[in-house]
Amino acid sequence: MGFADILGQAPAVETLRRALASGRLHHAYRFEGPPGVGKELAALAVAQTLVCETGGGEGCGRCGACRRAVTLATEEPRVPLHPDVVFVQRGLYRGILGAGGGEATGIGIEQIRRVVLDRVGFSPHEGRALVFIVRDADELTVQAANALLKTLEEPHAKTHFLLVTSRPTRLLDTIRSRTLPVRFGPLPDSVVTQILRKRGLDEAVAPLAQGSAALAIELAEPETKNERDEFVASARQAVAAPDLVPGLKFAESRPKDRDGVREQLAFLAQTLATDGRLLVEKDPTTAERRAREHALVLEAMDAVEKNVQPGLALEAMVVRLRQL
Ligand SMILES: [Zn+2]
């Protein structure tokens, strides 16, 4: 694991590599971008470079320090084995922080005090660098964020902060102004496909993953896949049936959960689009029909997003599909 494993994020990786090579790494960054696109991999690659025993321009990935930086303890809290690579994350130290560790509302001030502030005054255990990786940094409570400000403003020698967030606008302005942004974009479908292939997972879900490797991997889970296939089969059955009864059943049987229905509609739309593309030459009439069906499914997705109750949106969709 290292910079070479971060796919599809050339500008971000280049920025970090250059800063590391020139010895001008800022002491506090925030890595922002959608979930599951490599922000955390990048944070770990920076941490490896900073603690690597070879002291080269980039973590070697093979020495003990590099390996411990990216290997998590098997027991709670699941943090890197390297004592100078420190995770900060909501609820991570539940067992250690006691009553203050539940952190129902976000990363609490107790965690910042005990895990961060108690450490920053001291030199790193192994002498090279002390790296704090704040996961989902947007979950810092106001108190916790305020407790961090001074440290972010007046860096200690050899101490680095990497704040990782997919919701950068939720960070306090005072945190934003004290951190340097590195932006990570959604991954191109080709990269998502490559990641799925490497893991031996179903590549067909790549276009559904909105550029997120994490979401793609979740979508490729056999259980999720079965649910989607069942959804598409029921929708098609409902449209082809002689009356509306199967359509009503289909609409009623769906969970109320908006995200789930939206995701399944996205898959249905994808299926229709692929179908249509394959038929363009052989059967233009059916291809044209698939295009119109595709448009109706997109409208249903839109309705679900605009807060129409999922069941009603599905019912309306089936009715209109049957009229085509
Ligand atoms: Zn190394």
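**Buried cysteines, a helix pair and a core**

Biologist: What makes C52 buried?

Modeller: C52 has a relative accessible area of 2%, and buried means under 20% (over 50% is exposed, in between is partly exposed; 1.4 Å probe, protein chains only), so C52 counts as buried. C66 is buried too, at 0%. Mind you, this is a predicted model, where local features need pLDDT of at least 70, side-chain atom pairs count only at pLDDT 80 or more, and totals for chains, interfaces and linings use all residues. Residues are numbered from 1 along each chain as its sequence is written, and side-chain values use heavy atoms, leaving out hydrogens and water.

Biologist: Why is α10 called roughly antiparallel to α11?

Modeller: Helix α10 (residues 222–240) and helix α11 (residues 245–253) pack at about 150°, axes 8 Å apart. Over 145 degrees counts as roughly antiparallel, so that's the label for α10 and α11.

Biologist: Which residues of α10 and α11 meet?

Modeller: F231, S234, A235 and A238 in α10 meet P246, G247 and F250 in α11, contact being heavy atoms within 4.5 Å.

Biologist: What makes a set of residues a nonpolar core?

Modeller: They're buried Ala, Val, Leu, Ile, Met, Phe, Trp, Tyr and Cys residues joined through side-chain atoms within 4.5 Å. The largest such core has 98 residues, with F31 and F161 among those with the most contacts inside it. Helix α2 (residues 39–51) gives the largest share, eight residues.

How values were computed: Axes fitted to C-alpha atoms, helices over the stretch in contact; angles between N-to-C directions. Helix = DSSP H or I, 4+ residues; strand = E, 2+ residues; numbered from the N terminus. Parallel < 35°, antiparallel > 145°, perpendicular 65-115°, else oblique.
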